[in-house]
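Thanks for coming. I will go through one model today, starting with a sheet, then a helix pair, then some backbone details.

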Amino acid sequence: MLTVYAADAGSDMLAFILRRLVQSVIVMLTVALVAFALFRFVGDPIASMVGQETTLAERAELRDALGLNDPFVVQFGKFVARASTGDFGISYRLQQPVMELILSRLPATLELALVSGVLAFVFGVGFGVYTALRRGNWLSGTIMTASLIGVSLPTFLIGVLLIWVFAVELQWLPSFGRGEVVQVGNWWRTGLLTESGRASLILPAITLGLYQMTLIMRLVRAEMLEVLRTDYIKFARARGLSNRAVHFGHALKNTLVPVITITGLQLGSIIAFSIITETVFQWPGVGALFINSVRFVDVPVMAAYLMLIALVFVVINLVVDLLYYAVDPRLRVDRANARH
Amino acid sequence: MAPVHKSGPLLSVRDLVVEFPTRRGTLRALDKVSFDIAEGEVLGMVGESGAGKSLTGAAIIGLLEPPGRIAGGEILLRGERIDNLPREKMRRIRGRRIGMVFQDPLTSLNPLYTVAEQLIETIRTHMDVSEKEARKRAVALLDRVGIPAAARRIDDYPHHFSGGMRQRVVIALALAAEPELVIADEPTTALDVSVQAQIIDVLKEICAERGASVMLITHDMGVIAETADRVAVLYAGRLAEIGPVRDVIQAAEHPYTVGLMGSIPTLTQTAERLTQIPGSMPRLDAIQQGCAFNPRCTRAFDRCRVERPDLIARGEERQVACWLYDPAKEAQDV
């Protein structure tokens, strides 16, 4: 019977992944539609391409040559076809291929997001478990109160406060930029390998991750308290298992199932909302690039950024669902059972 | 049926008081409960919901939910006090010397671990054996509690098993470290009627085999009649009556027990209506002065409303907490 289950779970997994992939494509197409609409409704692309002395006839000619008179569906189709190969055209402002621009900025954003995501997860889970197990002692009270500040202070203010304390007053850490970077491979430039790069990463990573950390911590605490009240925890205690085994073996694993989802989704928003942190710390990532292109109505960059963030969310969602599958054995079989 | 215990009881509960401090004062959930469980004996514990049956079990195994606490009395296991042990020492007793089976098998097992993982962890917590040896024992245990193809099923997750099978797994887990006493807290209440008897049989057989005593908490008098050697009746956190199961069922003495037995349908009697006890058990913050049962008791007299009766010995093995059986009063009546 066991082998039957395993085979079922395998084919079931495949069907599940395929279904999710189809859903992902639909999401991406919808976002592409919004991105495409930007071109048509945020100013006239011709106006931003030509000089003032261009005649109306020349403009009409250009419009025709660029295919802007084609039916909407044809234009959208072309946009999607090009976008799927990574071609978002040329930046109006910088006169460089958009994809190149974004790829050159992406490592900075990803490094920042990953470091703050890991910080948020590690400290969030750690503090969450601690405050759940040591309810009522002064330290967990302090942590809970401090977390309220983390939740309620806006990101830019935290950034500015950190700069003020650690860069201006104490002069321990740099206040802006990425420090020295090292080229790794063809297009990845990392700041993690140099001392100044790591030093520059600390303040922005804390700024970006603090809110997520408090969120994860409060979630872990609430889930943990919930799990500690369940019958299987009582039964585990009644069997004389050590506190360590009960708390970390039995309770924490059950707590992590919902926490993984939230954390995964948070990683998406860390990347998406790095805009503010990157602006405060002048971090040379895609967020800063996006803000600048908004200022100059650089539509191709804006559209590409939109699609990139959507892609990040879709991929993370997919990974989270697969993780869920890996952690919770019930999901693997309940689907199989439902079909029998 | 009841074994005569000369070497002293396995478990002895003396004047146990459990209290819950609340904002509106302290609630006494258990009030001076005393009973013994002899070696190899099955003691049934009956009473309505909220009478304190489960609480007695939780107090014995040291798992009272805070803010509940033992406020008085003592609990002795083989003559050794266990109600005031340091947490770590009490933990070593749980599972190893006192095992516990809970009511709902669907929620008693951790859904994220296989049965093997949970059994092996429990065995190795209490016994110094290798992983391989623990696994061997685990398979043997599962086999003993009646899981078919135990060697294969052991690597399944709890949700692969039906409710009855899961309760067998729970029993295997509770007995994994060979405890001397098993507290079974309504082990069949959540189960299908058709498997209840099987589960009780499995539990009873294995415990008899190993010489383990059982404290069987239930409100199913049928289960008690069939399984227990003696029965203790709880009412509003107080012991009303305790004695050999046949005596208590056939000739109940405490008016509450009489009412309880009268409310059970039997095949031999053709009663139009089952008798019922008027009223309901008082809330813990509204227990009357005197005997807790006096407002509902048809035979209550003045003394019952003023003075609380202690357990009065009735013969060798029976005790009743009722003024009707006060030797002084009986002498008067005669």
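Two strands pair if DSSP finds at least two bridges between them. Helices (H or I, at least four residues) and strands (E, at least two) are DSSP runs, numbered from the N terminus. With that in place, B:Tyr235 stands opposite B:Arg238 in strand 10 of chain B.

Some ground rules. This is a predicted model, where local features need pLDDT of at least 70 and side-chain atom pairs count only at pLDDT 80 or more, while totals for chains, interfaces and linings use all residues. Residues are numbered from 1 along each chain as its sequence is written, chains are lettered from A and ligands numbered from 1 in the order in which they are written, and side-chain values use heavy atoms, with hydrogens and water left out.

Back to chain B. Strand 9 (residues 230-235) and strand 10 (residues 238-244) of chain B run antiparallel and are joined by 6 bridges. Further along this pair, B:Ala232 faces B:Ile242 of strand 10. The hairpin has 2 residues between the strands, and B:Ala236 takes a positive phi there, near 50 degrees.

Which strand pairs with strand 10 of chain B over 2 bridges? That is strand 12 (residues 318-320) of chain B, again in the antiparallel sense. B:Ile242 is opposite B:Gln319 of strand 12. As for burial, 7 of the 7 residues of strand 10 of chain B are buried, so the strand is largely enclosed by the rest of the structure. Buried means under 20% relative accessible area, exposed over 50%, and partly exposed in between, with a 1.4 Å probe and protein chains only.

In chain B, 8 strands form an open sheet with mixed pairing, in the order 6-7-8-3-9-10-12-11. Strand 6 (98-101) and strand 11 (312-314) of chain B are at the edges with a single partner strand each, so one side of each has no neighbour in the sheet. From one strand to the next, the twist averages 20 degrees.

Helix 1 (residues 53-61) of chain B lies across strands 3, 6, 7, 8 and 9 of chain B, at about 145 degrees to strand 8. Axes here are lines fitted to C-alpha atoms, for helices over the stretch in contact, and angles run from 0 to 180 degrees between N-to-C directions. Contact means heavy atoms within 4.5 Å.

Next, chain A. Helix 5 (residues 98-133) and helix 13 (residues 299-327) of chain A pack at about 55 degrees, with axes 10 Å apart. That makes helix 5 of chain A oblique to helix 13 of chain A; under 35 degrees counts as roughly parallel, over 145 as roughly antiparallel, 65 to 115 as roughly perpendicular, and the rest as oblique. On the helix 5 side, A:Val98, A:Leu101, A:Ile102 and A:Leu106 meet residues of helix 13 of chain A, including A:Pro300 and A:Tyr305.

Last, the backbone. Most residues other than glycine have a negative phi, and most peptide bonds are trans. A cis peptide bond joins B:Pro66 and B:Pro67, with omega about 10 degrees. B:Pro67 sits in the loop between helix 1 and strand 4 (69-77) of chain B.

In chain A, A:Gln171 has a positive phi near 55 degrees. Is A:Gln171 buried or exposed? At 61% relative accessibility, A:Gln171 counts as exposed. A:Gln282 also has a positive phi, of about 45 degrees, and counts as exposed at 55% relative accessibility. A:Gln282 is in the loop between helix 11 (274-280) and helix 12 (286-295) of chain A.
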